[in-house]
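Thanks for coming, everyone. Please take a look at the structure on the screen, and I will walk you through it.

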Amino acid sequence: MSEWPLDQYDTNGFAVIEDFFTEEETNELRESGLELCKNAPENHRQTFSTKDAASHLKDDYFLSSANKIHYFYEDGALDGDGNLLVDKRVAINKIGHALHVLHSTFKKYTFDERVKNVAKKLGFKKPSIPQSMFIYKNPKIGGEVKPHQDATFLHTVPISITGFWIPTEDATLENGCLWFIKGSHKHGLDRRVVRNTNPNSNELLVFDNPPPKYSQDLFTPTPVKKGSLVIIHGLVVHQSESNRSNKSRLAYTFHVMETENVKYSPDNWLQLPEGEDFPKLF
Ligand code: FE2
C-alpha cells in the first residue's frame, strides 16, 4: 500500500491509495460483480440515471433497496415494459444497496482490516456503512454521472458521509474515470434530495435546489489502476463521463458515516425498516 495521502485528502477532498487490494482480491470482487449480473432476475427491471434521479422512479424498488440486493439498468437498456433492448451482460448500471451485508465476498472486503485502518486515520470513531453498490459502467452504454456531492444523497448532521470507491478494472479517460473539482469539499452542500411527502405528486424524491452549474474546466480527471482505493469526501464535487470505449469500468463502492454525535437524516432516500441499523464498521 502506498504512502498515506491524508494531506491530499484534506486539500483536495479526495485521495487515491494505489494497490489497496491485491490483484487476486480485486479479481475476486470483479468476478462477484459479474456473477451477480449474470444471475440478475428476469422480473422487476428498472432503469437508473442521475439525469433525473427523481422523476424516473416508478415504484419503491429503489427506495426499498437499503437492506436488499436490487438491480438497476442503464437508460436505454429497457423498453417501456421492462424488456431488455440490449444484451443482458451490458444492460445493468448498478446493483445495490446491501451487498456489504448480504453477499459474503463484498462483506469480507468491506469489513477488511485495511478499510478499518483507513476509517480510523480519517478520524471515524464509531462508523457504520449505510450502503454499497457494484457499478458496471459497461462499454458504449455506461451512462455519465452528472456533477454531484455524495452528501446530497446521504445526508447527516454534521456531514460525515465518505465514499470508498474501488475500481476492479483500470478506470481510464476512455472508460469513464472519476473527475473531481479539487478543494470543492470546502464550499458547503449545494443541495439535498429527500423523499417526497407530497401525496399529490407521483415523484418519490425531490431536490431542494436545481443543480449548480460547474464549468467543465474546473474538473480534474483521475484515472486509477484497478485495486486502488479512492476516498471521496461527502462534499467534494465529482462526476464521470459516459463510457465510450470498448472496455467496461467495473467498480465496487460503499459509504462510511460517523454515528457518534452524528444524526442520519430521516428524510434521506435510503432508509432501513424500523428497528434495523446500518452495520458498524468497528
Ligand atoms: Fe458520487
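**Salt bridges, core and metal site**

Let me start with Arg30. Arg30 is partly exposed, at 24% relative accessible area. Buried means under 20% relative accessible area, exposed means over 50%, and partly exposed is in between (1.4 Å probe, protein chains only).

A word on the source. This is a predicted model, where local features need pLDDT of at least 70, side-chain atom pairs count only at pLDDT 80 or more, and totals for chains, interfaces and linings use all residues. Residues are numbered from 1 along each chain as its sequence is written, and side-chain values use heavy atoms, with hydrogens and water left out.

Which residue does Arg30 meet in a salt bridge? The partner is Glu169, at 2.8 Å, N to O. A salt bridge here is a side-chain nitrogen of Lys or Arg within 4 Å of a carboxyl oxygen of Asp or Glu. Arg30 sits in helix H2 (residues 23-38) and Glu169 in the loop between strands S8 (162-167) and S9 (178-180), so the pair ties together parts 139 residues apart in sequence. Helices (H or I, at least four residues) and strands (E, at least two) are DSSP runs, numbered from the N terminus. Glu169 is buried, at 12%.

The structure holds 13 salt bridges. Stay with helix H2: Glu35 and Lys38 are three residues apart there, about one helical turn. Their closest N and O atoms are 3.7 Å apart. Glu35 is partly exposed at 40%, while Lys38 is exposed at 56%. Elsewhere, Glu25, Asp112 and Arg114 are linked in a network of salt bridges.

Now the inside. The largest nonpolar core has 52 residues. Such a core is a set of buried Ala, Val, Leu, Ile, Met, Phe, Trp, Tyr and Cys residues joined through side-chain atoms within 4.5 Å. Strand S15 (residues 251-258) gives the most to this core, with four residues. Leu229 is one of the residues with the most contacts inside the core. Leu229 touches Phe20, Val118 and Trp165, among others, leaving aside residues up to four places away in sequence. Contact means heavy atoms within 4.5 Å.

Last, the metal. Which residues hold the protein donors of the iron ion? They are His148 (NE2), Asp150 (OD) and His238 (NE2), lying 2.1 to 2.2 Å from the ion. Donors are N, O and S atoms within 2.8 Å of the metal (3.2 Å for Na, K and Ca); water is not among the atoms, so sites may look incomplete. Along the chain, the spacing is H-x1-D-x87-H. His148 is buried at 15%, and Asp150 is buried at 9%.
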